[in-house]
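I record each item as I looked it up.

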Amino acid sequence: MTKSWNQAAFTAELGEIRVHADEKYLAARSHDYFWYSPILNDQLKDLRGELLVMPQTVEEVKHVASLVARHRVPLTLRGGGTGNYGQCVPLEGGVIMDLTRLSEVIEITPGHARVQAGARISRLDDAARETGQELLMYPSTRQMATIGGFLAGGSGGIGSLRHGMLRDPGNISYVKVVTVEPEPQVIELHGDEIQKVQHAYGTNGIVVEIGLALTKATDWIHTAALFDGYDRALDFAIDVQQDGLDCYLLSAVERRFAPYYRKFGDYFPADRDAIFAMVAPEEMDRFRADAEAKGGRVSFAMTKTEIQEAGLQPAYECGWNHTTLQALKVDKGWTYLQVAYPRPFDPELVMRQMQRHGEDLFWHHEMARMDGEIQIFALPLVRYRGKDAMYDLIAELEEKDGCTIFDPHVVTIEDGGMKEIDDSQIAFKKLADPYGLMNPGKTRGWTADMARGD
């Protein structure tokens, strides 16, 4: 917990801003999906914020930011709480700012959306679709995640096959950030400057508004192709991606996941490996023909409306980190890793890994693009054998197989491996969070001596 602070005085100065101090409410809002990791669960499960505030306007955000700075109390931001690394867990107590009421879709124009940071991604994408457009990408937690949370903690997801990673140029057009100081400012970032706050875990300014690129909407066909052999499934996924088949999602999921996909029944039987996909309607015949040419078959092909009517999950909940969630609902003995494969991708490396690790790792792979090139990721289930065994496995995958591991068992930005903190980011934190109050403990790039002393 933070050093003692005058919580009563702070609360009184909030005025009409919604506030909660109930222990059960605070417990619920102090957590995300860090429990995917037994390592993080041990570290974070008992941590709590001391006060929850829920501003509804940018002016209210600025008022809270001013109070936080004047009272010198830690501040942790929260959206939908769907992150996996404890991004919204207050390591030092203090104030939690829930931004889900800052949720206005400000404007949708051809090729672009302006939106407040607390808007649910599903609501934003639905609003874009009413204009014949859609988002370039979103996480598998589309229903609950906020767009600000995706910017602060995400890197890519569904749509990254087609449009690259979130950080790629053109995907985000601008970001408005409120500073945490007695007289808060609103700073607007453009172009490469956006990287100062993207995937920064809410450590350097309160993102209140975002501009995003949109693309023409497609009524994607949610489908699965089944193969007798995971190598065949991977070969198919690589071939159709290289051939330019128009897909929004391609997720390879090996057959041992089938018991965790209970709703699908014979659509994903335990004796076949699957490719779950979102395919453009005009490409569905080619998708089917290519699958059959590889010895596979399409087990279902439905629009999103038809998927919902059939009581099935949409394809975007069958890949990325939703696979981990589905497995953990059945068997709590699993955790996971995030793996990036060397380019060019070699499916034979995966088959060697499957042979080597047997029942300790279940595999699924995501087709994406990074820096304009095909990039394959995996989020395998890992049978948890303790912290030492986990880091032995990480070392083996990196040193023996040449993979890059983005470690989901740590709370700091740098140790996760997705992003390094450079001088420009620290310089921006000194501007946006001069007292070092935002999400303390989540970046090693900031040290206590950097804080302004007035």
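I began with lysine 332, which is exposed, with a relative accessible area of 62% (buried is under 20%, exposed over 50%, partly exposed in between, for a 1.4 Å probe and protein chains only). I worked on a predicted model, where local features need pLDDT of at least 70, side-chain atom pairs count only at pLDDT 80 or more, and totals for chains, interfaces and linings use all residues. Residues are numbered from 1 along each chain as its sequence is written, and side-chain values use heavy atoms, with hydrogens and water left out.

I then noted that a polar atom of the lysine 332 side chain lies 3.3 Å from the backbone oxygen of leucine 328. Between the C-alpha atoms of lysine 332 and glutamine 195, I found a separation of 36 Å, at 137 residues apart along the chain.

I recorded both tryptophan 5 and phenylalanine 10 as buried. I also listed one aromatic cluster, whose members include Phe257, Tyr260, Trp334 and Phe362.

Lastly, I looked up charges over rings (NZ of Lys or CZ of Arg within 6 Å of the ring centre and within 35 degrees of the ring normal). Arginine 142 lies over the face of tyrosine 138, 5.5 Å from the ring centre. Lysine 429 lies over the face of tryptophan 446, 5.1 Å from the ring centre.

How values were computed
Rings of Phe, Tyr and Trp (its six-membered ring) pair if their centres lie within 6.5 Å; planes under 30 degrees apart count as stacked, over 60 as edge-to-face and the rest as tilted. A polar contact is a pair of N or O atoms within 3.5 Å; within protein, one must be able to donate a hydrogen and the other to accept it, and residues adjacent in sequence count only if both atoms are side-chain atoms.
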